[in-house]
Amino acid sequence: MLGRLFGDRCPLVSLSCFQTPQRIPYDEAVRQEFRPAKVGDSFGPTWETCWFKVELSIPPAWAGREVHFVWESDGEGMVWRDAQPVQGLTKEGEKTSYILTRSMKEPEPRSLTLYVELACNGLFGAGKGSMIAPPDPDRRFTLSKAELVVFNRDVYELLMDLEILLDMAQLLGEENQRSFQALYTANQMVNTCDVTDPSTFPAARDLAAAIFSQRNGESQHTIHAVGHCHIDSAWLWPYEETIRKCARSWVTVHDSNDGAGAEAGLCALQAQQFEWVRSCYPGLYAQIQDFVAKGQFLPVGGTWVEMDGNLPSGESMVRQFLQGQRFFQEQFGRICSEFWLPDTFGYSAQLPQLMRGCGIGRFLTQKLSWNLVNTFPHHTFFWEGIDGSRVLTHFPPGDSYGMHGRVEEVLKTVKNNKDKGRVNHSAFLFGFGDGGGGPTQKMLDRMKRMTDTDGLPRVQISTPDRLFSALEKESSQLCTWVGELFLELHNGTYTTQAQIKKGNRECERILHDVEVLSTLAVARGSTFQYPASQLQRLWRLLLLNQFHDVLPGSCIQLVVEDALQYCAEIRRAGARLQEEAVQSLCRELLQPKAGSTESTLVLNTLPWERTEVISRTGPAGTETLGMSNLGLW
């Protein structure tokens, strides 16, 4: 049956390509000189980009059929049509085709020119020997398939029915009557179906529908299936590649041919990633804004990036929320009510207070399921911070933010839930993640068959708001966890790549000093202009570097180099802004006076009096030390 998923096949009219070490925009790419290419060719090395020009013609005999453009390669691809991105392609993310038409009709064009932008890296970078190993700089990426096919939708639906029934038969257990009913129904379907005669398929599907339509009782656990697209802003790939990962992952939401994201309501987090797409893919971003308004694209998180939960200063934590919430308010007319931090390496006890101060009363993560020794005792609870602030917290009991919508996963979600006696709802985050990808149509189609099927948890396509609203209604018996949420893993991230950590603290200090001195300069009533836009740009660079795989140092060398460059840029620009503020604030003190000896100006930017040893280099290069009593402004 699987072999009949695709019917007739047709080669492309022509395929040509050009390769570049740069990540260039579409308008520049299509002006290049393309050379002939063919299936079986290899491209590289790692981090290069290949652009393919695809000319195709759909055979007239395929009228009324569903036609796909199939593309399989080792790298991550993006289909462009009419100068707009329309489909991400990656074998690892189970997206290997672009639907040209659901049913070929006369007005539709039969001949098309598409472009495929192929990144010479996989969904998880290009590790040599293992996923998290350093990238192989000489890796080649092979194009293994590029053709047109007729997609047999009836075969696909039949296969999905059989998959769910067989999983029920295998996983519900011999003691469960529904296991035998599912197995018997699957056997009936095989006996009814003649794979060479599609007219027998509807009768076989009716047998499956009879099982799926048998409903649960009212007490059955409800699983909130939330379409999820977690993209690390940098990890096994550099920042620049993440920009393309966002586009490849999010484009499926506005792709009317696929629509998996739109149907599910796709959750995406990190304001920085929205800003990248806004700047680099304005057409796609306009579509996303429209889908956000319709509730089909769901910004969550409330912060600029998924930052580390322990290393940034308290002020940086506040700025993460400030910049994130401000961006979402300005761009989408709303702030986030959930703090969404699924992959960070532990959570400071100050976070509940900061969340509450930024309009957030709900928190989701799953990382503590990775603990090496002690299993965390709850999945739904109140988390109380150091000042007594509390937020409703939920850990998806399936211990993942990248589910695939399988029977095994929904059963695990209910079995694992340590608080199912207190609340009857669980989160189920589905979609390829970390390297992006997001939900697929196959994931959705699996869960449609489990919407309310006797013997399985009740599965509903949901949103973060519906999940937490349901939990809030049942929260009276929940327990409270007080203090830090400590992750018993990744301890080395607090010592590795010390230069990034040093640079982070230096940048936090200089931005603080610039703001203090600039504020004082403005307060003196001079003509000094507060450098708001420059400071926002520098803060956003620093906040980006606080991403949970960058500041902790759990990233590849390319990312370390980018992060250190950003630190250097912040220090340079910050020093210039600081000098401008000092010149405006202390202009009279800095003017040389006749007969005066050389002096040193010392400023205290901290909110308390202090005594410090200071050094000054003299004309001969000798260093002089002195003691200074620094008062308050």
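Me: Is strand β11 mostly buried or exposed?
Reply: Eight of the 11 residues in strand β11 (residues 141-151) are buried, so the strand is largely enclosed by the rest of the structure. Buried is under 20% relative accessible area, exposed is over 50%, and partly exposed is in between (1.4 Å probe, protein chains only). Strands (E, at least two residues) and helices (H or I, at least four) are DSSP runs, numbered from the N terminus.

Me: What kind of model is this?
Reply: A predicted model: local features need pLDDT of at least 70, side-chain atom pairs count only at pLDDT 80 or more, and totals for chains, interfaces and linings use all residues. Residues are numbered from 1 along each chain as its sequence is written, and side-chain values use heavy atoms, with hydrogens and water left out.

Me: OK, back to β11. How many bridges join β6 to it?
Reply: Seven, with β6 (residues 67-73) and β11 running antiparallel. Strands pair if DSSP finds at least two bridges between them. Val67 has Val150 in β11 as its bridge partner.

Me: And which way does β1 pair with β11?
Reply: β1 (residues 6-10) pairs with β11 in the antiparallel sense, over three bridges. Arg9 sits opposite Val149 in β11.

Me: New topic: how many salt bridges are there?
Reply: The structure has 37. A salt bridge here is a side-chain nitrogen of Lys or Arg within 4 Å of a carboxyl oxygen of Asp or Glu.

Me: Which residue does Arg248 bridge to?
Reply: Glu76, with the closest N and O atoms 3.0 Å apart. Arg248 is in helix α5 (residues 239-254) and Glu76 in strand β7 (residues 76-81), so the pair ties together parts that are 172 residues apart in sequence.

Me: Are those two buried or exposed?
Reply: Arg248 counts as buried at 6% relative accessibility, and Glu76 is buried as well, at 3%. Both belong to a network of salt bridges whose members include Arg23, Glu117 and Arg244.

Me: Last one: how do α14 and α16 cross?
Reply: The axes of α14 (residues 498-523) and α16 (residues 557-585) come within 9 Å and cross at roughly 20 degrees. Axes are lines fitted to C-alpha atoms, for helices over the stretch in contact, and angles run from 0 to 180 degrees between N-to-C directions. α14 and α16 are therefore roughly parallel to each other; angles under 35 degrees count as roughly parallel, over 145 as roughly antiparallel, 65 to 115 as roughly perpendicular and the rest as oblique.
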